[in-house]
Amino acid sequence: MRKKTIRFLPILLIFFLFSSSVYAKDAVFRNQKNFLWKVQSKTCTVYVLGSIHFFKKDMYPLNKKIEDAFKKSNILVVEANINDVSQIDVQKLIESAFYPENEGLEKHVSRETYEIIKKGFGELGLPLEFINKQKPWFLALTLTSMELVKLGFDPNYGIEVHFLSKASEKKILELESLDYQINIFSRFSDKDQELFLLYTLKDLNTLSLELDKLIQAWTSGDTKTMESIISKSITEDKRMSSFYEKLIYERNRNMVSRIEEFLKTKETYFIIVGAGHLVGNKGIIEILKRKGYQIEQL
């Protein structure tokens with residue numbers, strides 16, 4: 001499996017993929033905050049950067065404060081090392097993402113949903129055989145990735161890829177792993193996966209309208225706007241609450257526990273996580289604040 005294909009897999013929610021034509025290097029943003037925080041304990045400094053997984057080449061260079069924080073750190077920490085494809089169990093991935101020979105999507109979603117899916121993917125010119133073998137969670141990620149690429153955005157210019165390519169002299173650690181992230185999606189019930197796919201199809205209709213808002217929020221460190229966009233699905237449909245609990249909030253708590261382990265050391269860390277994990281009362285930054293750490297948004 002090619003490395004470029006693997007990079008589509010650790011995407012956590014379509015909200016974290018968006019980018020736009022607003023340049024991160026524009027002068028209007030130079031004096032504003034970044035989606036970057038400095039967290040300090042008595043012995044350790046941790047920089048936490050919210051990630052956008054799809055970017056354009058011309059959106060670089062990033063703000064100098066971000067690059068300087070990376071240079072000061074001797075350890076790079078990512079959710080999953082997407083450059084290390086050797087850690088992927090391809091057979092397990094296939095079993096998690098695709099139905100076996102005698103099964104298909106039609107047997108695992110409602111008739112109404114299946115007709116919506118057929119129509120939506122038919123308009124993209126994709127054959128029914130292509131969509132019918134993919135499980136809903138994987139189909140949702142496939143569709144989102146294809147749409148973003150069509151709009152000109154590339155996972156090869158994502159934030160993680162950018163810093164992993166520059167980390168040859170730094171130690172690289174993971175908060176999770178690719179297998180762990182794949183397992184999160186594959187463990188959801190058919191009902192939850194179907195809901196996720198339906199919301200993905202629905203949100204794609206307004207994707208181009210949301211892009212500028214998201215990248216401007218990221219570029220200017222606007223956590224309130226980012227939170228409002230990310231929590232939109234929960235506000236509109238309470239059924240998404242349990243999905244968010246497993247996909248975001250539970251993982252936030254787990255990642256905080258891992259970050260606290262780092263804060264007990266004497267090293268300097270540069271941590272990259274999806275931007276949606278950093279906002280709101282249940283986000284990583286607020287959890288760390290409540291635990292008493294000294295935190296500054298840069």
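**Strands and a buried helix**

Mentor: Let us start from one facing pair in this predicted model: Lys-38 stands opposite Glu-296 in β6.

Trainee: In which sense do β1 and strand β6 pair, and over how many bridges?

Mentor: Strand β6 covers residues 294-297, and its pairing with β1 is antiparallel, with 4 bridges.

Trainee: Which residue stands opposite Leu-36 in β2?

Mentor: The residue facing Leu-36 is Leu-49. Here β1 (residues 36-40) runs antiparallel to β2 (residues 45-51), and 5 bridges link the two strands.

Trainee: How is the span of a helix read, for instance that of α9?

Mentor: One compares the distance from the first C-alpha to the last with the span expected at 1.5 Å a residue. Helix α9 (residues 190-204) comprises 15 residues and reaches 21 Å, close to the expected 21 Å.

Trainee: Why is α9 described as largely enclosed by the rest of the structure?

Mentor: A residue counts as buried under 20% relative accessible area. In α9, 11 of the 15 residues are buried, and therefore the helix is largely enclosed by the rest of the structure. Among these buried residues are Gln-193, Phe-196, Tyr-199 and Asp-203.

Trainee: Is Phe-243 buried or exposed?

Mentor: Phe-243 is counted as buried because its relative accessibility is 2%. Phe-243 belongs to helix α13 (residues 240-263). Gln-193 is itself one of the buried residues of α9.

Methods: Residues are numbered from 1 along each chain as its sequence is written. This is a predicted model: local features need pLDDT of at least 70, side-chain atom pairs count only at pLDDT 80 or more; totals for chains, interfaces and linings use all residues. Side-chain values use heavy atoms; hydrogens and water are left out. Two strands pair if DSSP finds at least two bridges between them. Buried means under 20% relative accessible area, exposed over 50%, partly exposed in between (1.4 Å probe, protein chains only). The expected span of a helix is 1.5 Å times one less than its number of residues.
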